[in-house]
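The following note is intended for a colleague who meets this structure for the first time.

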Amino acid sequence: MTTLRLRPEDPADAGPVRRVLAAAFARPDVVTPPEVGLVDELRDTTAWLPQLAMVAEYGGEVVGYALLTRARLRPERGSDVPVLALGPVAVAPHRQRVGHGTAVVQAALDASTELGERLVVVLGAPAFYRRFGFGPASELGLTGPWAGLGEPWQALVLPPSTSEEGPPPRGEVLFPAPWSRV
């Protein structure tokens with residue numbers, strides 16, 4: 001019986017991850033989808049958190065990917081707060097709609113919770129991300145480059161590591177430079 005294995009990406013996964021991203025985001029008008037370059041560029045920044053770059057492996061093949069990288073929240077008052085940006089998330093077309101995307105995203109979110117992270121933002125399909133607890137980022141007072149897109153701009157507050165932690169502050173989410181090229 002073949003099982004799905006979820007684990008952090010290792011250096012040998014770079015090629016297979018590129019192939020999954022290229023296949024999942026393929027469009028007839030581009031040779032290489034921008035999500036491929038985004039991941040390659042993020043690997044070379046301080047935003048890269050290797051333990052939060054998750055792969056889904058099925059039968060020895062990388063078939064899914066979910067990436068959480070460091071972003072910052074600039075509150076209305078005070079210093080910037082570290083947050084996470086989810087994306088890209090991809091599943092190889094031949095393994096879509098069997099739960100691999102849900103599994104790899106949940107593994108990434110679980111790992112971020114274990115690390116004591118507090119807030120994750122994503123731009124994506126509300127119907128998919130709602131299952132993890134994401135909701136409109138605007139309800140948390142979060143703005144950012146994609147806030148004008150409405151419902152796809154979402155956020156998730158992760159469980160606090162201590163009972164004394166309050167909600168995250170309101171403010172603008174700032175993404176690492178590679179995101180501006182997507």
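1. The expected span of a helix is 1.5 Å times one less than its number of residues. Helices (H or I, at least four residues) and strands (E, at least two) are DSSP runs, numbered from the N terminus. Helix H3 (100–114) has 15 residues, and the distance from its first C-alpha to its last is 21 Å, close to the 21 Å expected at 1.5 Å a residue.

2. The model is predicted: local features need pLDDT of at least 70 and side-chain atom pairs count only at pLDDT 80 or more, while totals for chains, interfaces and linings use all residues. Residues are numbered from 1 along each chain as its sequence is written, and side-chain values use heavy atoms, with hydrogens and water left out.

3. Buried residues of H3 include His100, Gly101, Ala103, Val104 and Val105; buried means under 20% relative accessible area, exposed over 50%, and partly exposed in between (1.4 Å probe, protein chains only). Ala107, Ala108, Leu109, Ala111 and Ser112 of H3 are buried as well. Just after H3, glycine 116 has a positive phi of about 85 degrees.

4. In helix H2 (34–43), the buried residues are Glu35, Val36, Leu38, Val39, Leu42 and Arg43. Seen down the axis of H2, these residues fall within an arc of 165 degrees, so they line one face of the helix; the arc is that of the directions from the helix axis to the C-beta atoms. Among the elements that cover them are helix H1 (14–24), strand S3 (61–75) and S4, where contact means heavy atoms within 4.5 Å.

5. Two backbone features deserve attention. Glycine 87 and proline 88 are joined by a cis peptide bond, with omega about -5 degrees, and proline 88 is found in strand S4. Arginine 97, a residue other than glycine, has a positive phi near 65 degrees. Arginine 97 lies in the loop between S4 and H3 and counts as exposed because its relative accessibility is 84%.

6. The largest pocket has a volume of about 720 Å³. On a 1 Å grid over the protein atoms alone, a pocket is an open set of points where a 1.4 Å probe fits, with protein on both sides within 12 Å along at least five of seven lines; lining residues have an atom within 4 Å of a point. Grid points are joined across faces, edges and corners, and the volume is the space filled by probe spheres set on the points. Of its 28 lining residues, Phe25, Val89, Ala90, Phe128 and Tyr129 are the closest to the centre. S4 supplies the largest share of the lining, 6 residues.
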